[in-house]
Amino acid sequence: MQLSPLEEIRRASLSKLRTLGINPYPAEAFKTTATIAGICKSFEDFEGKEVVLAGRMMSRRIMGKASFAELKDASGRMQIYLNRDELCSDEEAVLYNTVFKKLLDIGDIIGIQGTVFKTQVGEYSVNVKTLTVLAKSLKPLPVVKTDAEGKSHDAFSDPEQRYRQRYVDLIVNDQVKDTFIKRTKITNAIREFFNERGYLEVETPILQPIPGGAAARPFTTHHNALNMPLYLRIANELYLKRLIVGGFEAVYEFAKDFRNEGMDRTHNPEFTVMELYVAYKDYHWMMEMTESLLEKVALDTNGSTEVPIGEHRVSFKAPYPRVPILEAIKTHTGYDVAGMDEPGLRDVCRSLKIEVDETMGVGKLIDELFGEACEHHYIQPTFITDYPKEMSPLTKEHRDNPALTERFELMVNGKELANAYSELNDPIDQRARFEAQLKLSEKGDDEAMFIDQDFLRALEYGMPPTSGIGIGIDRLVMFMTNNASIQEVLFFPQMKPERKAPAVSEEAKGILELLKTAEKWVLNELKAQSGLSNKKWDKALKELTRNNLAKVSKTDEVLEVILV
RNA sequence: GACCUGGUAGCUCAGUUGGUAGAGCACCUCCCUUUUAAGGAGGUGGUCCUGGGUUCGAGCCCCAGCCAGGUCACCA
């Protein structure tokens, strides 16, 4: 492995620590007595008292016999003060002069014991009496400095590196950590809300023999023992409904779903959806539930129902307007497409310059119209309701209009945040809808739903009238934390693999073959034998020595090459 | 998938007509006992994303590729 000079220095320090009898990776637990945030929050209670803290050293300011450093624990950052004569009693002051000043580095994890005080400039600090090395860091950490105005300098900002090495991102960019803390606050708020109402959190299969419940291309895998294909779920809807058939009256699941489609800043191949099903309810009830849920989520995570999202301020205060989709299309395009047939819709799309193709049925065409012409208008939370039957194969027919369904999508900031129905529980109707989907797929729609016979069998036993909802958790987190990219709210967003170290080149392989023919070679003879140009020779030999395949040594004024 | 932009030191970035690879921070040596983007003096550090090509000479020009971000398309 090729080490940078900075890494060499840190490894040398590591050995020196061991020579001094200090284990750089001790096994014992290190018992702390306080947290940094706790001290800063009630400084008066801690001032003059002794504390034990542990964390990562983030910066250092050495001034001869005294030094300041910044310690970071899970709760925050705080300055520590190290004074040679207070830290050490021995003549040499090894702990201060050697260990702290020479052998420790930014990024090392240390434990300290000392007293809390305030510096002359007024900064909360700990005067360190004992210092313990807890883990030596061998890779240099990017140093992000913040000035008096709170402006960051030399921020670790390259998105590729931030996502690939999220651990570094989390260490040096505090606001990144805050986003993920908020993410957990959001899911906690939702769980609290549901658990208070007695809803049951459940787990259903991720590996499914039939990928149902949504329209999307699945990831495929194979079970060896059963010798059968399996799919990573694109939704868990059909399994949760089976549980409603089984007699649970309210179940929910935070589900990782997987869709084998394009990636962009709002789509990751694996993402999280919270699905909830409640028996004896309809989609009107579900809208009210959703409003109060999101109001609580906003309050719990941001302390306010009003949240900044990009250029906008979005209010999650209930209630939200209800707008039937056909009305939305009428408002934003001027066309009344209610009851319109496929050719008619296609004409409307054409006149609005919306691209359509032959595989699109009535449902997809209306979906397209709404998506292109209307969706982006709904910044404040709005329920778009009553979608046409063709685009909602799992939804109950509308009580007043057989062409529509009892479905809503919640739009926020021009994007879909949730999708909910009065669930279709008529098994005969459901079978017919699946068959219509089958026709679509024969027409070339590769996203039409598969028929799940076991799900139909379950419905035939009778499912109570039920309302269900799916909420995109990643999107919700993006809204609540004002992030425009899904990658910012996933710890480890999907990335293409990093380029692997280049394989040994042809030239280097040739030299290796020559090296194998003798115990050692005089460098110039080997070079002549290889028949390589100066440039290629140099490059190939450097490659070999760098990868520790060959070694060059000097004896009696001759350079020799040996195989390692 | 198409187009645009980018890839240079550990980090953030300069790099002129193609002519010995630079800065700040970090790091190393030295000075400095309440500093704080600490300061002062000196120094080390490079696969210029990869592979070809043009050229006396390429970080720079040309071709191909890899990775990322953005826009669009596809897609919830």
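Helices (H or I, at least four residues) and strands (E, at least two) are DSSP runs numbered from the N terminus. The model is a predicted one, in which local features need pLDDT of at least 70 and side-chain atom pairs count only at pLDDT 80 or more, while totals for chains, interfaces and linings use all residues. Residues are numbered from 1 along each chain as its sequence is written, chains are lettered from A and ligands numbered from 1 in the order in which they are written, and side-chain values use heavy atoms, with hydrogens and water left out.

At the start of helix 10, show the side chain of Asp282, one oxygen of which reaches to within 3.2 Å of the backbone nitrogen of His284. A polar contact here is a pair of N or O atoms within 3.5 Å; within protein, one must be able to donate a hydrogen and the other to accept it, and residues adjacent in sequence count only if both atoms are side-chain atoms. After helix 10 comes Gly303, with a positive phi near 70°.

Buried means under 20% relative accessible area, exposed over 50%, and partly exposed in between (1.4 Å probe, protein chains only). Strand 12, residues 250-258, runs antiparallel to strand 13 and is joined to it by 9 bridges, with Met274 of strand 13 as the bridge partner of Phe254. Strand 20, residues 466-472, is also antiparallel to strand 13, through 7 bridges, and in strand 20 Gly470 is the bridge partner of Glu275. Two strands are taken as paired if DSSP finds at least two bridges between them.

Now move to the closed barrel, whose 5 strands run in the order 1-2-3-5-4 with mixed pairing. Strands 3 and 5 (the latter residues 124-135) run parallel and are joined by 3 bridges, and Val126 in strand 5 is the bridge partner of Ile80.

With RNA strand B displayed, select the 57 residues around it, of which Gln79, Glu160, Ala215, Glu261 and Glu416 come nearest; a residue is near a strand if one of its heavy atoms lies within 4 Å of it. By class, this surface has 21 nonpolar, 12 polar and 24 charged residues. Helix 6 supplies its largest share, 5 residues. For individual contacts, look at Asn83, where a side-chain N or O atom is 2.7 Å from a base oxygen of RNA strand B, and at Glu409, where a side-chain N or O atom is 2.9 Å from a base nitrogen. At Lys496, a polar backbone atom is 2.9 Å from a phosphate oxygen of RNA strand B.

Two single residues close the tour. Asp357, in the loop between helix 12 (342-351) and helix 13 (362-373), counts as partly exposed at 37% relative accessibility. Tyr239, in helix 9 (residues 237-245), counts as buried at 17% relative accessibility, and its C-alpha atom is separated by 46 Å from that of Ala34, 205 residues apart along the chain.

Technical notes:
Nonpolar A, V, L, I, M, F, W, Y, C, P; charged D, E, K, R; others polar.
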